[in-house]
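Me: I am learning to read a structure and should like to take one part slowly. Please begin with a single residue and then lead me to its surroundings.
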Amino acid sequence: MPRKIWTGSINFGLVTIPVGLYAATEDHTVQFHQYERGTTDRIRYKRVNERTGEEVGYNDIVKGREYDGGVITVEQSELDEIAPGRSRTIDITTFVDLTEIDPVHFQKTYWLAPNSKEHFRPYNLLRRAMQDTGQAGIATFVLRGKQYLTAVRADTDVLALNTLYFADEIRDPADLVGDQPEQSGPSSKELQMASTIIESMSGPWEPEEYEDTYTSKVEELLAEKARGGEVAAAEAPPQPTDVIDLTEALRRSVDEARKGRKPRRAEDLSELTKAELEDRAKDLGIKGRSKMKRAELEQAVADASAEKPTGTRRTRKAS
């Protein structure tokens, strides 16, 4: 059961619904410590006075910033006095069409759940009403001493709360692209071909079909190094399409789409484990595969796959 990180209520009109706030996501990033190279000695950081070089105790440190040519310091107690109190309510001030909120404003997602069984009725009333109307409730509330702009919206079985960036926190994209040259616009033929490719590659959004391959590769790297094996580097990223070759690249992609094949780049063999590479090499009839190192095996499979016509490889059922 996820840990409740906030308790309060949602208010809309004269309706008050006690709720708890839960993190909707969890980070699976592999965490590392720092060690001195060649040893198992951990690296630790100390708070040091840059002028004297002496270590300073945590209670002797204050916050500050440069101001008018000098430095102004503040005590934590002074910041606490002016900080907004820990909010106990999420007061919805207006409802907006959810599709009107630009995705750039979305920051982090939380789940909101009713605090008790007797509050399920008004909770589900709000959820269903927002689901049927496609509206999201805009509110501000305070969490851990920081004020947030939020959008409360209906998910499948639960109310979701998205923290949003304030308008002045969004960078103007015009500062990045600037004035574009006249010839940068696509021709009608190029636009038609690009649209055909997009239509051929369209499909339903199925998030379970995607996985964090980098994290799994880091875990594999650690396991391989523990066994004393060699680690193969990932393939270099593809080169950008030359402007002169753009139309030809589009034409070939459209041809593939019309044949019922989704345009795709060559398979990244570096994502396969060595055991999977050995199975692939066996299917391709590669000799001497048992004596090959991973990099050699990967290259041999890539070469054999390029030479073998599509559809001739035997497929194995997933275990």
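What is the relative accessible area of Asp155?

Reply: Asp155 has a relative accessible area of 24%, which means that it is partly exposed. The term lies between two others: buried is under 20% relative accessible area and exposed is over 50%, computed with a 1.4 Å probe on protein chains only. This is a predicted model, in which local features need pLDDT of at least 70 and side-chain atom pairs count only at pLDDT 80 or more, while totals for chains, interfaces and linings use all residues. Residues are numbered from 1 along each chain as its sequence is written, and side-chain values use heavy atoms, with hydrogens and water left out.

Asp155 has a charged partner. It forms a salt bridge with Arg153, the closest N and O atoms being 3.3 Å apart; the term requires a side-chain nitrogen of Lys or Arg within 4 Å of a carboxyl oxygen of Asp or Glu. Arg153 is buried, at 17%. A search of the whole structure finds 3 salt bridges. Another of them joins Glu224 and Arg227, at 2.6 Å from N to O. Here Glu224 is buried, with a relative accessible area of 17%, whereas Arg227 is exposed, at 60%.

Leaving aside neighbours within four places in sequence, Leu159 is in contact with several residues, including Arg153, Tyr123, Leu126, Arg127 and Met130. Contact here means heavy atoms within 4.5 Å.

Tyr123, Leu126, Arg127 and Met130 are buried residues of helix 2. Helices (H or I, at least four residues) and strands (E, at least two) are DSSP runs, numbered from the N terminus. Seen down the axis of helix 2, the buried residues fall within an arc of 95°, so they line one face of the helix; the arc is that of the directions from the helix axis to the C-beta atoms. The face turned away from this buried side carries the exposed residues Arg121, Leu125, Asp132 and Thr133.

Asp132 takes part in a salt bridge as well: its side chain meets that of Arg128 at 3.9 Å, N to O. Both residues lie in helix 2 (residues 120-133), 4 residues apart, about one turn of the helix. Arg128 is partly exposed, at 45%, and Asp132 is exposed, at 58%. The length of helix 2 can also be checked. Its 14 residues should span 20 Å at 1.5 Å a residue, and its end C-alpha atoms are 20 Å apart, which agrees; the expected span is 1.5 Å times one less than the number of residues. Helix 2 is followed by Gly134, whose phi is positive, near 70°.
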